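Subject: Structure handover

Hello,

Here is the structure for you to look through. My notes on what was found in it follow below.

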There are 4 protein chains.
Amino acid sequence: MKIGKQTHRSSAISSSNPETILVRGRDLCGELLGHIGFTDHVWLLVTGTLPSAGQRAVLDATLVAIAEHGLVPSVQASRMTLAAAPEALQGAVAAGILGCGSVILGAAESAGRLLAEVVAGSAGSTLEASAERVVRQHRDAKKPVPGYGHPLHKGHDPRVERLFEIAAGVGLAGQHIAAAQAVARVLPELTGKPLAMNVSVGIPAVLLDAGYPLLALKGVPILARTASLVAHLLEEQSRPIGFTLSHAAASAISYDGEAPEGFVPGDH
Amino acid sequence: MKIGKQTHRSSAISSSNPETILVRGRDLCGELLGHIGFTDHVWLLVTGTLPSAGQRAVLDATLVAIAEHGLVPSVQASRMTLAAAPEALQGAVAAGILGCGSVILGAAESAGRLLAEVVAGSAGSTLEASAERVVRQHRDAKKPVPGYGHPLHKGHDPRVERLFEIAAGVGLAGQHIAAAQAVARVLPELTGKPLAMNVSVGIPAVLLDAGYPLLALKGVPILARTASLVAHLLEEQSRPIGFTLSHAAASAISYDGEAPEGFVPGDH
Amino acid sequence: MKIGKQTHRSSAISSSNPETILVRGRDLCGELLGHIGFTDHVWLLVTGTLPSAGQRAVLDATLVAIAEHGLVPSVQASRMTLAAAPEALQGAVAAGILGCGSVILGAAESAGRLLAEVVAGSAGSTLEASAERVVRQHRDAKKPVPGYGHPLHKGHDPRVERLFEIAAGVGLAGQHIAAAQAVARVLPELTGKPLAMNVSVGIPAVLLDAGYPLLALKGVPILARTASLVAHLLEEQSRPIGFTLSHAAASAISYDGEAPEGFVPGDH
Amino acid sequence: MKIGKQTHRSSAISSSNPETILVRGRDLCGELLGHIGFTDHVWLLVTGTLPSAGQRAVLDATLVAIAEHGLVPSVQASRMTLAAAPEALQGAVAAGILGCGSVILGAAESAGRLLAEVVAGSAGSTLEASAERVVRQHRDAKKPVPGYGHPLHKGHDPRVERLFEIAAGVGLAGQHIAAAQAVARVLPELTGKPLAMNVSVGIPAVLLDAGYPLLALKGVPILARTASLVAHLLEEQSRPIGFTLSHAAASAISYDGEAPEGFVPGDH
């Protein structure tokens, strides 16, 4: 069915013939395999060019930072799915990735938009003033400010300062990191509570400063989390906890709908 | 609901408190971030220990080799899904990953099992004899031999020899590579057609020789493909082809069910 | 991890013990099984009460209307996924459902919000005036008006008038249907093109008039499409076209990235 | 890429032009909408013909029986996913469906294969003898016998006898129900434990006797569960428990990996 007005009929990512596979214009087997690491390849795939050493260091740091944080909802969904459907590891990974949404993990993208807005709005003004304007707009529209506050790391998220150190160490700290810090400074007064930067604003701050594209930001937590899911699914195969997780979760919830007199729920 | 007899109530992958995040026993911010690359982290997450330089080189090579090969079914499903549901990049990635199954991409796992079986069966015999037995068993059970033959790379898959070169270069070429080659030698006679090794046997061959666990093999093409999907979904946002792909595909299929006299299908 | 401030610890949908399964307070085996149809059960699950005959007729009609419309993107993604991963029918269904997004199928929800807004805004005014205001707001915000226009059914979508007839026949035609028609009347003048109602506004119009909840609207196309996917996946098992679809789609797209001199793409 | 040898280039499910939508050869708007219920439509889509009243009753009963059973793993995965990604209801439904695998829900298909095997093997013998042979083969191959035993409904699953009653009531009880009962009779002696029929053998028994196709069996629990997921996701929007479930689950699991001296895990 002809939906929309798509006039594009080409792609610039890859081509091949029986002898050669081109990725972003380069011969996969001759130029890339054995010459670059996976992180370089991710950058090349996404942007079309190989990263500088500094860009690679920043992308590596964000991927390492966000890959794993214990039995979070996406990991639980994934392990329960493998327990129920062990024939399809890809289904369990997909179930976990589906939880990289606007509230968890995917917040990296909305936080990235926030930073870009603060930076854009600082022309002819200051980052501080722009940060204040943008945060006020969020609060007026009753939208949360993405990337600030964390249920466990309340005082500060240790990953954020480390990411900023790494970016500074390779000379790639710029306006987006400064914007993230400016927002952190104006937040307490505007919201009445101290909300520390969390990893979901740390990641877009360093990636945007390094030149990584805004519209692919969400791909970073998704890719990193995929690695973690593979590790958890390997553990699930030898030391299964998928149904134990589910049993404990169900036990925490009671039924408050109607029931016939004398009905006693079973132990689920 | 208590399903199965799960007695495990622990996990060894990660723990944390407000100040510290442990991954595989190491302090994420102090020991890992800025000190290791993402490929090291993948190995650490999956196996519990950091890789040697050779192991990292082999894992890098497999991830680079399998990430991207053009508009394959998983990429098409993913781009169509983003076109229909642009609000959820994670859904489009998940749709693509769901196509990493036993026929495509996921064949790395079944080929890995084949190689492990050939190696195990060669004790007190030769790899060649073991390969012949295992292939005969597959053919008797009318099961395909996974990892051999490719629709485009008919003569040979250029990625395979490059992977083997890289493994040899870091001193990690071993029995599983030899098993893959032994199967390739016995196949023509047993099947009547020359079936070259493809990347789905090349990947498990070098990974198993490097000490990567069999039950996490499928995670490698899934992780690599996720990177490629992110690149395609970024392109889809600026140069959309999702509905163009769908229109071209639908146009290739005719309707052969019943229809009232005079019914003329529309142009979809 | 304690995310958000969730204080709820109960659910009102189902409970059970070894002898009895309660669904929405009713004994599944004694009161429901054999006494009600699946459509009644869907209404009961979603709303907590059994539907009237008219409500059932309307829900039936919407489910029948939207289930199937040929090789649309969600069906293609699903069939390609089964071809690649035949071991997991549930994965192929999931891949199809992931394409029920804001642009296709899921538009029923955004169109439902539009209608609710038009109805709410008509108090003390007319539906026509309210429709004009709401459409102008959409155009000022450069947002599309969901539920109007169709790539194939340009003049009119035959499903819409049939749905309205059925709703009227059971006495459940009300303000939301009238709102949908009011929007259709004001659109040509405001947009300069005649945009007929499509099924994605017809469905919420009749369902909201019948008392079905707005926040579960998206569930109707998702449920209906699941039935269609099961049918396509059964056909895919006996008459596979998944890879044929993919090959035709890939052939429609050319590579326009860089390439070494003399590189000739293969036939994919 | 040309994968496999797909020579099919047609589909028999649906066609359309601007005025008419055909589903299985029938005019959707003229013949189906308003004339048949959703359950009829499911049967039509899957088999190509409309069901008899008895077939409809059986399909209705199976869909009602399996739709809902509380906070099972698939429902939990779905609610957690919506909590993390509220922008994509379709993603949360997909995450739930991915848990319809070989161990839970999807067991309907493997149980159906078992019944078909018992029936086929009874020619020239008895169902009892055939059941004994088939169960022995499963036990020799160390494969579980799908559809028998239930963690909650230990003595008997109340849904099964009700399904059999309904099938008998419409005159559609046949060989597959008898086969399910024969397996139940021989199991205690062969396995040493009384394993009652559960709903996952009850469903294929009545559906196969009613003429529903074996290869679409898994679609029945998937379709039914989709309805239940929609209800749970509506509740999740007004009374969220997704993160509560996740917190309770995580609290049940301890960390048993390495840790630096003095490390104290936080409250997750």
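In E4(B), Asp27(B) is the bridge partner of Leu22(B). Strand E3 of chain B covers residues 21-23, and E3(B) and E4(B) pair in the antiparallel sense over two bridges. Two strands are said to pair if DSSP finds at least two bridges between them. Strands here are DSSP runs of E with at least two residues, helices are runs of H or I with at least four, and both are numbered from the N terminus.

The open sheet in chain B has three strands in the order E2-E3-E4, with antiparallel pairing. Strand E2 (14-16) and strand E4 (26-27) of chain B stand at the edges with a single partner strand each, so one side of each has no neighbour in the sheet.

**How to read the values**

This is a predicted model, in which local features need pLDDT of at least 70 and side-chain atom pairs count only at pLDDT 80 or more, while totals for chains, interfaces and linings use all residues. Residues are numbered from 1 along each chain as its sequence is written, chains are lettered from A and ligands numbered from 1 in the order in which they are written, and side-chain values use heavy atoms, with hydrogens and water left out.

**Chain A and chain B**

The contact (heavy atoms within 4.5 Å) takes 88 residues from chain A and 88 residues from chain B. The buried area is about 7700 Å², with 69% of it on carbon and sulfur atoms. Buried area means the accessible area (1.4 Å probe) that two parts lose on being put together, summed over both.

How many salt bridges are there between chain A and chain B? The count is zero, where a salt bridge is a side-chain nitrogen of Lys or Arg within 4 Å of a carboxyl oxygen of Asp or Glu.

Helix H11 (residues 219-238) of chain A gives the most to the side of chain A that touches chain B, with 15 residues. That side divides into 45 nonpolar, 29 polar and 14 charged residues. Ala, Val, Leu, Ile, Met, Phe, Trp, Tyr, Cys and Pro count as nonpolar, Asp, Glu, Lys and Arg as charged, and the others, Gly among them, as polar.

A rotation of 180° with 0.0 Å of shift along its axis superposes chain A on chain B, with an RMSD of 0.0 Å. The two copies are thus related as by a two-fold rotation axis. Copies are superposed by least squares on the C-alpha atoms of residues with pLDDT of at least 70 in both.

**Chain A and chain D**

Here 37 residues of chain A are in contact with 37 residues of chain D. About 2800 Å² is buried between chain A and chain D, and carbon and sulfur atoms give 69% of that area. In chain A, Ala84(A), Leu98(A) and Ile253(A) lose the most area to chain D, together 18% of what that side buries.

Across this interface the rule finds four salt bridges. Arg239(A) and Asp256(D) meet through their side chains in a salt bridge (3.0 Å, N to O). Twelve residue pairs are in polar contact between chain A and chain D.

Regards

Methods:
A polar contact is a pair of N or O atoms within 3.5 Å; within protein, one must be able to donate a hydrogen and the other to accept it, and residues adjacent in sequence count only if both atoms are side-chain atoms.
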